Amino acid sequence: MDIKKEIRRLLKEKDAVLLAHNYQIDDIQEIADFTGDSLGLSIEASKVKQKTIVFCGVHFMAETAYILSPDKKVLLPEIDAGCPMADMVTAEGLRELKKKHPGVPVVCYVNTSAEVKAESDICCTSANAINVVNSLDSDKIIFVPDKNLGHYVSRFVDKEVILWEGFCPIHHKVRKEQVLKLKEQYPDAVFVAHPECPPDVIDIADHVCSTSGVYKYVKESNKKRFIIGTEQGVGYRLRKENPDKEFIFAYENFVCQNMKKTTLRKVYDALIKERYVITVDEEIRKKALKSIQRMLDIPRNY
Ligand code: 13P
Ligand code: SF4
């Protein structure tokens, strides 16, 4: 059978929509109804008309979709697709930190569990973190769990940012020396980095943005060669939209294994067996929704 056609047929039959993160394998991106970064996917999940959302990404993303659209059935085709960074902070750990800084608002990266979102004042993504932090009327904030994104934000806000010791194991591996070597090898190349990269890598970036921000930046640039400081999955759309441009990834095998766990076969099985259903306890969901909704309500200028 042509599995891609069959998935598309099943999606229609079951009144389902296929949402995929920019790091998903090429085959999944090709048949998805919508591909995007965490912010784009959250916005999309809040507007879905279909009965079912098949979410190709990692667990916290499907959970966020459910928090926003609890009347939908949200399916995560691979139940073991998690985000190691999201697992670096727990609600209990965050409560402890809050006790040490009473009254200080908490900004949580969307890469967190529903429980952590429920303990936070406002959520953010890599696309809107600076705007979110600036929207708070406080000279001090707690930022969890990504110390690199938090550090990046602290460069642009006139506030003290209390960081959590979390990081993305994939982006944290980017080395400044390696990027400098590539820049030397390709002096005409522009370096675009995701804010999950370490601070010394951000220091040498020509542009810093979310995964979908990379598409926009590259498309609008008249440069021909780019060093990409994020996961290889973005290469699919970059090559498709810019056949005349060249992309070099900041290190070899820049891959998030969790994002690659979802295969066409698993998407097919998810539709046939209607699995794995993602839900969140209603009390937690309502609290987590507040922090996500507060983020979505901020006027967008990006
Ligand atoms: P984006 O929101 O930029 O897609 O980032 C999500 C993520 O997990 C990056 O590692
Ligand atoms: Fe999590 Fe990093 Fe994978 Fe993004 S790339 S999902 S932050 S482990």
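In which loop is Tyr276 found? Tyr276 lies in the loop between helix H13 (264-273) and helix H14 (282-296); helices (H or I, at least four residues) and strands (E, at least two) are DSSP runs, numbered from the N terminus.

Good morning, colleagues. This is a predicted model, in which local features need pLDDT of at least 70, side-chain atom pairs count only at pLDDT 80 or more, and totals for chains, interfaces and linings use all residues. Residues are numbered from 1 along each chain as its sequence is written, chains are lettered from A and ligands numbered from 1 in the order in which they are written, and side-chain values use heavy atoms, with hydrogens and water left out.

I return to the backbone. Arg275 and Tyr276 are joined by a cis peptide bond, with omega about -15°. Another cis bond links Val144 to Pro145, where omega is about -15°; Pro145 belongs to the loop between strand S7 (140-144) and helix H8 (147-154). Asn253, although not a glycine, has a positive phi of about 60°, and its place is in the loop between S12 and H13. Most residues other than glycine have a negative phi, and most peptide bonds are trans.

Let us turn to the sheets. Two strands count as paired if DSSP finds at least two bridges between them. One open sheet holds four strands in the order S2-S1-S3-S4, with parallel pairing. Strand S2 (34-36) and strand S4 (73-75) are at its edges, each with a single partner strand, so one side of each has no neighbour in the sheet. From one strand to the next, the twist averages 20°, where axes are lines fitted to C-alpha atoms, for helices over the stretch in contact, and angles run from 0 to 180 degrees between N-to-C directions. Strand S3 (residues 52-56) is joined to S4 by three bridges, and Thr52 has Lys73 as its bridge partner in S4.

A further open sheet, also of four strands, has the order S10-S9-S11-S12 and parallel pairing. Its edge strands, S10 (207-208) and S12 (246-249), each pair on one side only. Four bridges connect strand S11 (residues 225-229) with S12, and Phe226 stands opposite Phe247 in S12.

Finally, the ligand. Why does ligand 2 lie between domain 1 and domain 3? Domain 1 (3-84 + 259-279) and domain 3 (170-249) both contribute residues to the shell around ligand 2, so ligand 2 lies between them; the domain bounds come from an automatic or database domain assignment. Among the residues that surround ligand 2 (a heavy atom within 4 Å) are Tyr23, Asn111, His171 and Glu196.
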